[in-house]
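Here are my notes for your first look at this protein. Keep the model open as you read.

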Amino acid sequence: MMRNRNDVNGQIDEIPSIGSSFDSHSCFTDSHSYIKCSNSVLSHVLKVLMILCSTIILACGLHFFCRIFIADRFSIPTQSMQPTLVPGDYVWVNKLIIGARLYKSFDFENRNLNCIRMPGIRNIQLGDVICFNFPYGYDNLDRIEFRINNVYCKRVLGTPGDRIGVVDGHYWNDRNLKPIGVLQEQERLRWEYDSVFIWHGNYYVFPSAYTNWTIKNWGPLVVPQKGLSIELNDSTRELYRKVIEYEMGNSLSDKMVSYTFLNNWYFAVGDNASYSYDSRYWGFIPEEFIIGIVGGSKVRNNPYKIYPSNAMQ
């Protein structure tokens, strides 16, 4: 302690030294509290981050779970389903109805689909609007191949075993007396000049060898069904060659005189009967290529509904 004489009263004042006011115990306690407080804040931040990450992971998991097993959304890019669906519309595809597909392999470079289908609520029915992978995803119309991101949306005209066709522009199915699709559009097709379709290149339909089958009149045509046997002649070879080659995995032999289908197939068309690129031009859809059924009252089979003229393009 330093001493200093006071000139006024002669008293001696004590002036504390620099280190005399430093309480080492108090300083240690304050530092310890600060460290504990910092650790508490850090622990709280880590907990918040863990909860946030867990929430994000759970949300992503639920998102992909729903897309795989429950429903998925697709956009409509063309006028083929007009006037029911127009370009720019979005549709929800229900996968629970027929069962979701589970891929056994994610190697899609070989252009083959290897999957199993979960149990569903019911089978696909006439008039259902379905989304499916285009059977000729790589633009080779001579061979059925799978391409995961090439998706079409059409209305089912034929289910396995059905006899189907078109008479005077109107779709028909021998198992169903009720019209399928939009009658207003089919009437438009009926009365359109043939030269219009010839000019657009969509007058003759599948198969190309049947030159008497046109967009206005074709059939009857039997949709392949699992277990159904057919005699192979020039006519049936032309109709079912690509289906048989897809199921067998190799070329159809000239020595084969009959064939029994291994899978179920479908036939789907657009509601825009005059201008839709659908099964009428390229043929049947493998059941395993079907993603699901489009939901909502907007797409229900309502053939007698009258649409305004500006909706008919």
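The points below go from the overall fold to the cores and then to the rings.

1. **The model.** This is a predicted model, where local features need pLDDT of at least 70, side-chain atom pairs count only at pLDDT 80 or more, and totals for chains, interfaces and linings use all residues. Residues are numbered from 1 along each chain as its sequence is written, and side-chain values use heavy atoms, with hydrogens and water left out.

2. **Overall make-up.** The protein has 5 helices and 16 strands. Both are DSSP runs numbered from the N terminus: helices are H or I with at least four residues, strands are E with at least two. Of the 313 residues, 40% count as buried. Buried means under 20% relative accessible area, exposed means over 50%, and partly exposed is in between (1.4 Å probe, protein chains only).

3. **Main core.** A nonpolar core is a set of buried Ala, Val, Leu, Ile, Met, Phe, Trp, Tyr and Cys residues joined through side-chain atoms within 4.5 Å. The largest one holds 53 residues. Trp218, Leu221, Phe267 and Phe284 touch the most other members. Elements giving two or more residues to this core include strand 8 (151–158), strand 11 (218–222) and helix 4 (234–248). Apart from this core lies another, of 12 residues, among them Phe74 and Val294. In soluble globular proteins, nonpolar side chains tend to be buried together.

4. **Trp218.** Which residues does Trp218 contact, leaving aside its neighbours within four places in sequence? They include Leu157, Ile164, Trp172, Phe267 and Arg280. Contact means heavy atoms within 4.5 Å. Trp218 also belongs to an aromatic cluster with Phe206, Trp213, Tyr240, Tyr259, Phe261, Phe267 and Phe284.

5. **Ring pairs.** Rings of Phe, Tyr and Trp (its six-membered ring) pair if their centres lie within 6.5 Å; planes under 30 degrees apart count as stacked, over 60 as edge-to-face and the rest as tilted. The count is 22 aromatic pairs. Why is the pair of Tyr103 and Phe106 edge-to-face? Their centres are 5.8 Å apart and their planes lie at 70 degrees. Phe106 counts as exposed because its relative accessibility is 64%. Tyr152 and Trp282 are also edge-to-face, at 6.3 Å and 75 degrees. That pair links strand 8 to helix 5, 130 residues apart. Tyr152 and Trp282 are buried.

6. **Tyr138.** The charged end of Arg111 sits over the Tyr138 ring, 3.8 Å from its centre. Arg147 lies over the face of Tyr138 at 5.0 Å from the ring centre. The rule asks for NZ of Lys or CZ of Arg within 6 Å of the ring centre and within 35 degrees of the ring normal.
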